[in-house]
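Q: Can you walk me through this one? I will ask as I go.

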Amino acid sequence: MRDVIVLMKDIHKVYPDGVYALRGVDFELRNGEIHGLLGENGAGKTTLMRILYGQIKPTSGEIFIKGNKVRFNRPRDAIKYGIGMVFQHFALVHAFNALENIALGMEPSKGGLLNLKEVEDRVRELMERTGLKVDLKVPISRLSVGMRQRVEILKLLYRKVDVLILDEPTSVLSPIEVKELFRTLSKLREKGKTIVLVTHKLREALSICDRITVLRRGKKVATVKAREVGPEDLAKMMVGREVLFRVGKLKGRTGKEVLKVSNLWVKGDLGTYAVKGLSFTVRGGEIFGIAGVEGNGQSELVEALFGLRKVERGSITFKGEDITNLSVKEIRDRGISLIPEDRLGRGLIADFTLTENAILGMHYKPPFSKGFRLNLEESKSFARDLIRKYEITALSEDVPVKFLSGGNQQRLIVARELSRGPTLLIAFQPTMGLDVSATEFVRNGLLRMKSEGRAVLLISSDLEEVVQLSDRMAVMYEGKFMGLGRPEEFSTEEIGLMMGGLELHEVKSGNS
Amino acid sequence: MNYLILASLLIGTLRTSIPLIIGAIGEIFNERAGITNIGIEGVMLFGAFIAVYGTWLAQNPFIGLLWALLSGIAWGLIFGAISTHLRGDQIVAGIGINVFAMGFTEMMIPLIWGTYGYSESVNRLPPLFQLYGERISYFLPLTVLLAVLSSIVLYRTKWGLRLRSCGENPLAADAAGISVYKVRYLTSVFSSILFSLAGAYMGIDWNDSFVKEMTGGRGFIALALVIFANWKPLLALAGGLLFGFFDALQFRIGAALGVGVPPQVPQMIPYIATILFLLAIGRVRGPSAAGKPFVKE
Ligand SMILES: Nc1ncnc2c1ncn2[C@@H]1O[C@H](COP(=O)(O)OP(=O)(O)O)[C@@H](O)[C@H]1O
Ligand SMILES: [Mg+2]
């Protein structure tokens with residue numbers, strides 16, 4: 001085939017912990033194209049590209065560069081063959097300026113001394129040719145995210161790569177920065193560079209790519225010409241059909257409105273808005289699900305609801321009472337529980353025993369606490385109760401939870417939170433990384449909460465989970481809901497489109 | 001007379017500042033590369049001991065110096081392993097080195113020399129020259145040279161850039177194709193050699209015998225000096241002279257007070273000065289990744 005610059009053949013990858021991330025993927029890259037790599041969370045996009053960049057090794061499979069078979073042991077090998085990658089989380093030294101970062105690892109010397117002047121001359125010339133303007137002399141810590149990304153791209157160009165891999169480059173950028181980035185990418189294409197754009201955003205992929213490869217659950221679905229497809233086709237490929245079987249849902253009796261969120265605005269860590277004017281309600285006896293690809297404001301939403309992050313505008317009402325910006329303790333005390341995303345970060349204390357973790361958050365109240373002292377006997381018998389009732393596999397209630405499997409840790413969190421009898425349960429990625437039986441267990445827990453007339457807010461990037469469990473659902477994209485309704489009102493394709501950034505009314509009217 | 005006292009105070013300052021400056025520069029390299037070794041004191045003490053022992057055995061101070069060099073390499077490899085492949089707790093390891101060196105050297109004195117608390121006298125290294133009857137050591141110009149060269153290496157060479165990247169963001173260094181572990185091993189060996197030679201200086205140049213706990217906390221003052229110097233070798237040189245001045249002052253005042261005043265009172269001076277200096281500079285920020293293990297994937 002003419003012009004094939006990279007060919008990856010039958011790539012398999014099993015991570016050391018047993019996750020089967022890629023199951024026989026073929027990937028072909030042609031000289032001078034912008035190639036979109038599209039897929040949901042966990043589809044294996046990053047894994048595939050890290051393999052091409054030599055950062056991790058494939059379990060099996062072959063890679064050819066311009067027809068020659070290669071084996072990369074480290075990124076340096078890939079760079080030698082003209083392949084470079086910009087990671088989602090940039091790899092820059094914040095205390096260094098752009099020049100030092102660009103030079104690092106490939107520093108020209110003169111008389112034994114570092115010659116940054118030579119680097120600067122070359123980088124200035126690159127900036128001239130590509131329009132990527134950056135202040136080269138200030139520390140990275142003082143540059144905006146968009147500027148840092150430019151430094152990363154310049155770093156690759158300085159290393160004379162022909163193939164640039166950009167992993168979700170737009171997820172951290174403002175709309176204007178995205179436009180500028182795309183202009184740069186077009187320019188680089190004109191100069192003969194080949195670019196891989198990893199993304200889950202349909203419109204972006206269609207607007208700039210020549211060809212698009214879609215991955216789903218570690219397999220390649222297809223490689224298509226961007227001109228010949230519409231967002232509907234891509235959405236269908238990305239989400240797939242077989243995943244969306246629907247179980248007959250128990251028609252719980254929905255009760256009173258428990259949680260009401262109005263026009264909520266929350267900022268992310270970068271200081272830009274991550275949640276942009278969300279409004280929704282959750283009633284007793286229902287599960288309200290929020291689907292969407294990770295990193296579209298879900299974490300910030302959950303943290304704001306639970307008092308872990310400041311609400312900038314809008315309000316959160318719980319059982320008619322305004323709880324906006326209350327402390328975590330005040331919010332918990334009112335009857336809101338959280339199954340957090342980060343199990344060992346916010347859910348449990350790894351070095352504490354099962355008993356200590358079981359009473360965490362209730363430890364200062366009777367019967368677990370008497371005056372100044374913890375009532376250990378009471379706490380232990382409570383922990384033993386949980387172990388029995390929730391089928392947690394553990395040697396005893398005295399082992400530190402870090403020795404439990406992920407599934408059993410999650411069971412413990414669920415057990416603790418459910419046993420508090422909350423009016424509202426917020427479940428954030430509750431089954432991520434769990435095996436089948438633990439997943440089943442957690443989902444049944446949520447359904448039981450609902451049948452008891454409690455309200456459940458389920459936020460998950462596992463679309464199947466949201467569709468199966470929710471009575472009503474919304475799809476979140478860049479801090480907004482693209483659509484809200486009952487799961488059975490949406491087709492697979494429509495959900496896929498919304499996850500890729502099209503609003504429901506655009507989807508329904510069938511254009512893009 | 002006053003003039004002579006002043007001169008001897010100044011010479012004393014130069015003398016006492018040498019181990020502080022060498023120790024601080026070693027630790028600056030460490031922390032710039034992402035290692036925190038608070039076992040400076042222990043490696044120094046061990047270096048002093050081994051230098052005296054080697055000199056005593058061979059009747060040659062240069063052999064003692066060589067032994068101290070080898071001891072520094074060994075400690076550097078051990079600490080390098082702890083802070084890279086073994087991913088140990090560097091603070092605990094540093095404390096371990098200090099405790100071990102203190103106990104081990106004290107225990108060895110009677111086994112070797114049959115005395116308690118101090119060794120026999122040994123030959124010293126030859127001095128560069130004598131001034132007002134005081135020895136001026138070769139270590140003095142070498143220390144100044146070390147500070148200047150260190151500053152050039154850290155800030156003006158590619159090795160310095162790579163080393164500093166490992167202390168700021170090892171992930172970025174790794175992504176740029178730099179072997180973080182290799183850099184940290186080499187740095188640990190280099191710095192421990194410096195600590196050990198600083199100890200040798202105290203055993204066979206400044207003094208002519210080993211005395212238990214003879215480093216007297218100078219490894220810890222060096223640690224404070226790193227912060228005072230804002231992790232910069234030239235500032236460590238200047239700061240070391242300041243810290244050394246109080247150390248020298250302690251001897252002078254101790255001598256002037258004579259008996260009747262407990263010796264611990266003047267001995268506190270350098271430590272109190274250290275604490276006051278650190279309070280005065282307030283919060284500072286060192287290399288971001290110092291003391292943190294680096295784990296890939
Ligand atoms: N370092 C890792 N160790 C173990 N599993 C991993 C690792 N990185 C990714 N995975 C898993 O591999 C799968 C594919 O992940 P990834 O390539 O990051 O997907 P994507 O970039 O498409 O979101 C996921 O199930 C993910 O959890
Ligand atoms: Mg990814």
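What follows is a short exchange about this model.

A: This is a predicted model, in which local features need pLDDT of at least 70, side-chain atom pairs count only at pLDDT 80 or more, and totals for chains, interfaces and linings use all residues. Residues are numbered from 1 along each chain as its sequence is written, chains are lettered from A and ligands numbered from 1 in the order in which they are written, and side-chain values use heavy atoms, with hydrogens and water left out.

Q: Fine. Which residues surround ligand 1?

A: Ligand 1 is surrounded by Tyr15(A), Asp17(A), Val19(A), Ala21(A), Glu40(A), Asn41(A), Gly42(A), Ala43(A), Gly44(A), Lys45(A), Thr46(A) and Thr47(A). A residue is listed if one of its heavy atoms lies within 4 Å of the ligand.

Q: And which side chain has an N or O atom 2.5 Å from an oxygen atom of ligand 1?

A: That of Thr47(A). From the backbone, an N or O atom of Gly42(A) is 2.7 Å from a ligand 1 oxygen, and one of Gly44(A) is 3.0 Å from a ligand 1 oxygen.

Q: Switching to the interface. How many residues does each of chain A and chain B put into the contact?

A: Chain A gives 20 residues and chain B gives 19; contact means heavy atoms within 4.5 Å. The area buried between the two chains is about 1,700 Å², with carbon and sulfur atoms giving 61% of it. Buried area here is the accessible area (1.4 Å probe) that two parts lose on being put together, summed over both.

Q: How many salt bridges between chain A and chain B?

A: One. It joins the side chains of Arg162(B) and Glu107(A), at 2.6 Å from N to O. The rule asks for a side-chain nitrogen of Lys or Arg within 4 Å of a carboxyl oxygen of Asp or Glu.

Q: What is the make-up by class of the chain A side that touches chain B?

A: There are 13 nonpolar, three polar and four charged residues on that side of chain A. The classes are Ala, Val, Leu, Ile, Met, Phe, Trp, Tyr, Cys and Pro as nonpolar, Asp, Glu, Lys and Arg as charged, and the others, Gly among them, as polar.

Q: Back inside chain A. Which residues of helix 8 are buried?

A: In helix 8 (residues 231-239), they are Pro231(A), Leu234(A), Ala235(A), Met237(A), Met238(A) and Val239(A). Buried means under 20% relative accessible area, exposed over 50%, and partly exposed in between (1.4 Å probe, protein chains only). Helices (H or I, at least four residues) and strands (E, at least two) are DSSP runs, numbered from the N terminus.

Q: What do they pack against?

A: Their partners in chain A include strand 3 (34-38), helix 7 (202-208), helix 16 (463-469) and helix 17 (492-499). Just after helix 8, Gly240(A) has a positive phi of about 80°.

Q: How many residues of helix 17 are buried?

A: Seven of its eight. Among them are Thr492(A), Glu494(A) and Leu497(A). The buried residues of helix 17 pack against elements including helix 8, helix 16 and helix 18 (504-508). Gly501(A) follows helix 17, with a positive phi near 105°.

Q: Which residues other than glycine have a positive phi, for example Lys160(A)?

A: Lys160(A) has phi of about 60°, and Glu478(A) has phi near 45°. Most residues other than glycine have a negative phi.

Q: Where is Lys160(A), and is it buried or exposed?

A: Lys160(A) is in the loop between helix 5 (145-158) and strand 9 (163-167) of chain A, and it counts as exposed because its relative accessibility is 58%. Glu478(A) sits in the loop between strand 23 and strand 24; its relative accessible area is 34%, so Glu478(A) is partly exposed.

Q: What about Glu417(A), buried or exposed?

A: Glu417(A) is buried, because its relative accessible area is 0%. It lies in helix 14 (residues 406-419) of chain A. Leaving out residues up to four places away in sequence, Glu417(A) touches Arg332(A), Ser337(A), Leu338(A), Pro422(A) and Leu425(A).

Q: Last one. Where is Thr353(A), and what does it touch?

A: Thr353(A) is in the loop between helix 11 (343-347) and helix 12 (354-358) of chain A. With neighbours within four places set aside, Thr353(A) is in contact with Glu397(A), Asp398(A), Val399(A), Pro400(A) and Val401(A). Its relative accessible area is 16%, so Thr353(A) counts as buried.

Methods: A polar contact is a pair of N or O atoms within 3.5 Å; within protein, one must be able to donate a hydrogen and the other to accept it, and residues adjacent in sequence count only if both atoms are side-chain atoms.
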